[in-house]
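These are my notebook entries on one protein model, written down in the order in which I looked things up.

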Amino acid sequence: MFYDGYHVWGMHLVWWFVWIILLFWIFATPYDVPGQRKKKDSPLDILQKRFASGQITNEEYQEKKKML
């Protein structure tokens, strides 16, 4: 055989780079990775966001908050 039981270093080195880049992409990128689990907003969080953005009034907010 050509390599006499040892790894062909060229391809072996390429796979190390592939794994390092893949792990870096998974753990270090600040972007959302497809399939990543995210915490869903609770109904109270959604209500607070709507109140903060001005979509509902204070009275509507208090009424809906009591219902939740």
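Is Asp-41 buried, partly exposed or exposed? I looked up its relative accessibility, found 41%, and wrote Asp-41 down as partly exposed, where buried means under 20% relative accessible area, exposed over 50%, and partly exposed in between, with a 1.4 Å probe and protein chains only.

Before going on, I noted that this is a predicted model, that local features need pLDDT of at least 70 and side-chain atom pairs count only at pLDDT 80 or more, while totals for chains, interfaces and linings use all residues. I also noted that residues are numbered from 1 along each chain as its sequence is written, and that side-chain values use heavy atoms, with hydrogens and water left out.

**Entry: confidence**

I looked up pLDDT, the predictor's confidence in each residue on a scale from 0 to 100, and found a mean of 80 for the protein, with 71% of its residues at 70 or more.

**Entry: helices**

I found three helices and zero strands, in the order α-α-α from the N terminus. Both kinds of element are DSSP runs numbered from the N terminus, helices being H or I with at least four residues and strands E with at least two.

**Entry: the salt bridge**

I went back to Asp-41 and saw that its side chain meets that of Lys-49 in a salt bridge, at 2.8 Å from N to O. The rule asks for a side-chain nitrogen of Lys or Arg within 4 Å of a carboxyl oxygen of Asp or Glu, and by it the count is one salt bridge. Lys-49 is partly exposed too, with a relative accessible area of 49%.

**Entry: the aromatic pair**

Rings of Phe, Tyr and Trp (its six-membered ring) pair if their centres lie within 6.5 Å, and planes under 30 degrees apart count as stacked, over 60 as edge-to-face and the rest as tilted. I found one aromatic pair by this rule. The pair is stacked, because the ring centres of Phe-51 and Tyr-61 are 4.6 Å apart and their planes lie at 20°. Since Phe-51 belongs to helix α2 (residues 43-53) and Tyr-61 to helix α3 (residues 58-67), the pair ties together parts that are ten residues apart in sequence. Phe-51 is partly exposed at 34%, whereas Tyr-61 is buried at 9% relative accessibility.

**Entry: around the loop**

In the loop between α2 and α3 I found Ile-56, which is buried at 6% relative accessibility. Leaving aside residues up to four places away in sequence, Ile-56 touches Leu-47, Arg-50, Phe-51 and Tyr-61, a contact being heavy atoms within 4.5 Å. I also noted Gln-48 in helix α2, whose C-alpha atom is 7.8 Å from that of Tyr-61, 13 residues apart along the chain.

**Entry: the surface**

Which share of the 68 residues is buried? I read 4%. The protein exposes about 6900 Å², of which carbon and sulfur atoms supply 65%, by the Shrake-Rupley method with a 1.4 Å probe, where for residues only the protein chains shown count as cover. Ile-26, in helix α1 (residues 9-28), is partly exposed at 39%.
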